[in-house]
Amino acid sequence: MAEAHHPIKMVVRRTGLSAHVIRIWEKRYGAVKPERTGSNRRLYSEEQITRLSLLRDLTRAGHSIGSVARLPLSKLRALAADIQAPSPAVVNRSEIAGKIGMLDECVTAVKKLDSRALEGALRRGSIELGSQGLLQRVIAPLAETIGGLWRDGSITAAHEHFASAVIRMFLGHAATAFAGWNEAPVVVVATPTGQLHELGALLAGASAANLGWRVTYLGPSLPAAEIAGVAIQNRARAVALSVVYPEDDPQLAREFAALRKMLPIETALLVGGRAAPAYYESLEKAGALIMRDLPHLSATLDDLRRGKRFKG
């Protein structure tokens, strides 16, 4: 076995995973088996750090940790190469971004806190790509980029709140509801308690509205009881939650379980966002469906609208 001499703090810094997630992956799924010092401190090898980094990438791409945790390193590398290899659709998006530079322009506008420039880029994107194209090719990558910049300290929380406010106004809603006819199915969109990052929820709501759903948007950090109350009052067919950061909040497992108990059995619980795979076990127990990305959310909403029932 390769020499293990890296403490868990170093592993956290190099992988971006929290110490809590690393320990859970070790204890529950056998992802790695660190050595122990005489004082019972964990020590990790370079190979184990590589393994954890690959597992991070795969779970963020939608794989459940339970399905990949014990795979050999060669298989993990192959799976990671598959998700990183650009598909024709990704190449096409890159060509579009290179042609009109909207994503870079949006990022620059956010860094400068320039609402006029950000609105202008979004408006041009809407004309060039259409509403769904704008969401998937500009706003979704923008949200991911902003999250990364915030995490590494390149921008502040104020920049993210600024971007959320501009995008919310551009998408045509103010913390109440998207337009929709009375007979349309209802989806309630929010982030659970402690989840303050709103862009993912905005994307989910706008995507649902484009598919003809009546969207009741509640905004960030709401307790399960309040979300359930709105869903019941509006006879919602689905509740969609965005979970971005942190990835190790022990309160969220209780919130997911409580929400599922309070919701009618016919109301689907959909959960997406960067941090969602880290909560796979608690989401599975709550009967929630993990949304890998916007296309997956769109497909699931289409299925629900056609009357498909998912195991809850």
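Colleague: Which element gives the most to the lining of the largest cavity?

Modeller: That would be α3, which gives three residues to the lining. Keep in mind that this is a predicted model.

Colleague: And how many cavities of 30 Å³ or more are there in the whole structure?

Modeller: The search finds three of them. The largest cavity holds about 50 Å³ of space.

Colleague: Which residues are closest to the centre of the largest cavity?

Modeller: L17, W25, T59, E247 and A278 are the closest, out of 10 residues that line the largest cavity. Two elements give two or more residues to this lining: α2 (19-29) and α3 (46-60).

Colleague: What classes of residue make up the lining of the largest cavity?

Modeller: The lining has five nonpolar residues, four charged ones and one polar one.

Colleague: How does anyone find empty space in a model, by the way?

Modeller: You roll a probe the size of a water molecule over the atoms, and this shows where empty space is left.

Colleague: Nice. Now pockets: what volume does the second largest pocket have?

Modeller: Its volume is about 390 Å³. There are 21 residues lining the second largest pocket, and those closest to its centre are R28, A253, A278, E281 and S282.

Colleague: Which elements give two or more residues to that lining?

Modeller: They are α2, α12 (250-262) and α13 (280-285). The most comes from α2, with six residues. By class, the pocket lining divides into 13 nonpolar, six charged and two polar residues.

Colleague: Which residues of α14 are buried?

Modeller: The buried ones are L294, H296, L297, S298, T300, L301, D303 and L304.

Colleague: What caps the N-terminal end of α14?

Modeller: D293 does: one of its side-chain oxygens lies 2.9 Å from the backbone nitrogen of H296. H296 is also among the buried residues of the helix.

Colleague: Last one: which residue follows α14, with a positive phi?

Modeller: That's G307, with a phi near 95°.

Terms used. Residues are numbered from 1 along each chain as its sequence is written. This is a predicted model: local features need pLDDT of at least 70, side-chain atom pairs count only at pLDDT 80 or more; totals for chains, interfaces and linings use all residues. Side-chain values use heavy atoms; hydrogens and water are left out. Buried means under 20% relative accessible area, exposed over 50%, partly exposed in between (1.4 Å probe, protein chains only). Helices (H or I, at least four residues) and strands (E, at least two) are DSSP runs, numbered from the N terminus. A polar contact is a pair of N or O atoms within 3.5 Å; within protein, one must be able to donate a hydrogen and the other to accept it, and residues adjacent in sequence count only if both atoms are side-chain atoms. On a 1 Å grid over the protein atoms alone, a cavity is a set of points where a 1.4 Å probe fits but cannot get out, and a pocket is an open set with protein on both sides within 12 Å along at least five of seven lines; lining residues have an atom within 4 Å of a point. Grid points are joined across faces, edges and corners, and a volume is the space filled by probe spheres set on the points. Ala, Val, Leu, Ile, Met, Phe, Trp, Tyr, Cys and Pro count as nonpolar, Asp, Glu, Lys and Arg as charged, and the others, Gly among them, as polar.
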